Structure formats: structure tokens, C-alpha cells
Amino acid sequence: MMSAVASIAAEAPALDPWVGKYPMSLFTKTRSANTVGKGHLSASFKVQHFDWDELRSTSGDYFSRPSADTKRKLTSVLCMKYGWAENHHLALGIPYFFNDFNVNGRLNDNDGFGNLYLFEKWKAISETNTRPAVAFDAWVYLPTGDADRKLGDDDWAFKLTTEVSKAWEHFSLHFNPGYTWGEDSDVRTGEINICAIWNLYKDFTPAIEYNYTDKKGIGNCHDIVPGFIWKFAKGWSFKLAAVINVDTILPEKDAVGVVGKLFYRW
């Protein structure tokens with residue numbers, strides 16, 4: 001019996017060296033099917049700047065805000081992941097926001113914590129030379145925000161997401177559908193996130209992300225996010241990208257933003 005098992009294992013094709021060689025998360029929303037690894041811990045710190053400098057008119061066209069008005073936000077998120085089992089990890093996200101609003105003479109210069117979140121990730125199908133990896137996430141957003149100060153929401157929310165990842169020698173592709181719902185019906189959001197990564201250099205990797213977001217009853221938007229991943233030391237990486245809105249019907253528009261992320265894995 002043992003010899004038969006050994007014979008089958010010997011006949012199984014070896015994995016190509018590039019299988020599974022991509023990061024767990026990309027620039028804004030896209031994630032790969034990878035987990036942090038059993039017994040390992042990782043931490044990432046993401047900063048993104050928003051400047052909603054255009055408003056949508058009743059005709060559907062966008063125009064610049066009045067010169068005296070501003071609506072900007074700097075968001076930061078510390079996300080820590082722990083691999084508690086093979087192909088599983090738990091994550092904790094701690095967002096902190098900085099508002100800079102002056103809309104129609106009403107000021108909002110608040111900063112504070114948003115909605116802390118937890119999620120469990122399970123890589124259900126491992127990648128092979130011909131088959132993609134598939135993972136599933138279950139998220140819960142805690143009611144730690146402050147809606148009155150535009151620092152998140154004071155309601156519970158939940159999200160389900162899927163990650164499908166496949167690597168080739170110089171290229172990998174990642175596909176993430178997801179849906180969010182909660183106590184507040186305004187939080188209902190469908191999303192599709194896709195990222196392509198080119199492994200052209202050992203420590204410097206260009207990538208481009210596409211994000212589609214549909215906020216139920218509010219509108220939708222399409223963003224393209226080109227950037228790079230720099231592995232500047234063992235266990236470390238730095239990601240930087242532009243967030244370019246290519247189409248939207250949301251009430252406010254941020255034409256171009258920027259996002260950066262620092263990551264380390266123990």
C-alpha cells in the first residue's frame with residue numbers, strides 16, 4: 001500500500017516555481033488567494049488620500065466644487081494577520097481617518113477611528129500548474145465608527161468575498177467578487193476587484209488594479225489603479241499607486257488619488 005502511494009506521489013507533476021508567488025494583497029481592494037502561513041504573523045499599514053473635488057449635476061455631468069469648498073480625507077489602516085492553521089488566517093483591521101471638510105460653510109475637521117473589522121480567510125483550493133487557487137473570506141465590521149463626524153458608521157456590517165488567483169511565469173491574475181450588507185441599508189455594496197501583476201524583475205513588480213463598486217441606491221464607480229510593488233528587504237514590501245477614476249455616477253468624484261502600503265511578515 002505504501003509503495004503504491006509513493007508511486008502516485010512520484011508521478012505527480014512538480015509545481016512550476018512561480019506557482020503561488022504573489023502578495024496577499026495589492027493596492028486598494030484586490031487580494032490574492034494566499035494566506036500568511038501557519039504560525040506566521042504579518043502587518044500592513046495603508047494610507048490613502050481622497051479629494052472629492054467634483055460634484056454631479058442633475059444632468060449627470062461633473063463640475064468643480066466652489067473655490068471656497070473642500071472635501072478631503074486621509075485614511076490609514078493597520079491590518080494584522082495571523083496564520084492559526086494551514087491555509088487559514090485571522091485578520092484585524094484598525095482604520096483611523098482624518099477629515100478636512102468645508103462644504104457650504106460647514107466645517108468637519110475631525111479625526112478618529114472608523115469601523116474596526118475582523119475576517120477569517122480560508123484557502124479552499126490550492127493552485128497547481130493548471131488550476132487556480134481559490135479562497136473565501138468572512139468579514140465583520142464592528143460599530144466603532146461615528147456617522148455624525150463622518151468617521152465610519154455606528155452599525156454592524158458584514159461582507160463575503162472570494163479570491164481566485166493564477167500565476168504564469170511572468171504574470172499573475174487575481175479576481176475578487178464581494179458583497180457587503182448590514183444594519184444600515186445604505187451600506188449594501190457589491191464589488192468586483194481585479195489585479196494583474198507582471199514579474200519582470202526580482203524585487204520590483206509593476207501591477208495594475210481595477211475596482212468596480214456599486215453602492216445600492218447611491219451609484220457606482222470604476223477605478224484603475226496602476227502602481228508598483230518594491231521588495232526592498234527580506235520580509236518587507238512597499239506598494240505605491242495612483243487611484244484614477246475612469247467612470248462614476250456617485251454624487252461626488254475624486255478624479256485622481258494616491259495610495260501607499262508598507263508590509264512586513266514574520
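Strand β1 (residues 41-51) and strand β4 (residues 70-85) pair in the antiparallel sense over 11 bridges; strands are DSSP runs of E with at least two residues, numbered from the N terminus, and two strands pair if DSSP finds at least two bridges between them. The model is predicted, so local features require pLDDT of at least 70 and side-chain atom pairs count only at pLDDT 80 or more, while totals for chains, interfaces and linings use all residues. Residues are numbered from 1 along each chain as its sequence is written, and side-chain values use heavy atoms, with hydrogens and water left out.

**Strand pairing**

- A85 has H88 in β5 as its bridge partner.
- β4 and β5 form a hairpin with two residues between them; in the turn, N87 has a positive phi of about 65 degrees.
- An open sheet of three strands has the order β3-β2-β16, with antiparallel pairing; its edge strands, β3 (62-64) and β16 (252-253), each pair on one side only.
- Strand β2 (residues 54-56) is joined to β3 by three bridges, and the two run antiparallel.
- Opposite L55 stands F63 in β3.

**Aromatic pairs and charges over rings**

- There are 18 aromatic pairs, where rings of Phe, Tyr and Trp (its six-membered ring) pair if their centres lie within 6.5 Å, and planes under 30 degrees apart count as stacked, over 60 as edge-to-face and the rest as tilted.
- W168 and F171 are stacked because their ring centres are 5.9 Å apart and their planes stand at 25 degrees.
- F204 and F228 are also a stacked aromatic pair, with 5.0 Å centre to centre and 25 degrees between the planes.
- This pair links distant parts of the chain, 24 residues apart: F204 belongs to strand β13 (residues 204-215) and F228 to strand β14.
- One aromatic cluster is formed by W230, F232, W236, Y264 and W266.
- The charged end of K71 sits over the ring of F101, 5.3 Å from its centre; the criterion is NZ of Lys or CZ of Arg within 6 Å of the ring centre and within 35 degrees of the ring normal.
- K73 lies over the face of F97, at 4.8 Å from the ring centre.

**Accessibility**

- W168 is partly exposed, with a relative accessible area of 41% (buried means under 20%, exposed over 50% and partly exposed in between, with a 1.4 Å probe and protein chains only).
- F171 is partly exposed at 25% relative accessibility.
- F204 is partly exposed at 37%, and F228 is partly exposed at 22%.
- A135, in strand β9 (residues 133-141), is buried at 0% relative accessibility.
- The C-alpha atoms of A135 and V225 are separated by 23 Å, and the two residues are 90 apart along the chain.

**Second largest pocket**

- The second largest pocket holds about 740 Å³ of space; its lining has 28 residues, of which K21, Y22, P23, K231 and F263 are the closest to its centre.
- A pocket is an open set of points on a 1 Å grid over the protein atoms alone where a 1.4 Å probe fits, with protein on both sides within 12 Å along at least five of seven lines; lining residues have an atom within 4 Å of a point.
- The volume is the space filled by probe spheres set on the points.
- β14 (219-233), β15 (236-248) and β17 (256-265) each supply at least two lining residues.
- By class, the lining comprises 11 nonpolar, nine polar and eight charged residues, with Ala, Val, Leu, Ile, Met, Phe, Trp, Tyr, Cys and Pro counted as nonpolar, Asp, Glu, Lys and Arg as charged, and the others, Gly among them, as polar.

Terms used:
Helices (H or I, at least four residues) and strands (E, at least two) are DSSP runs, numbered from the N terminus.
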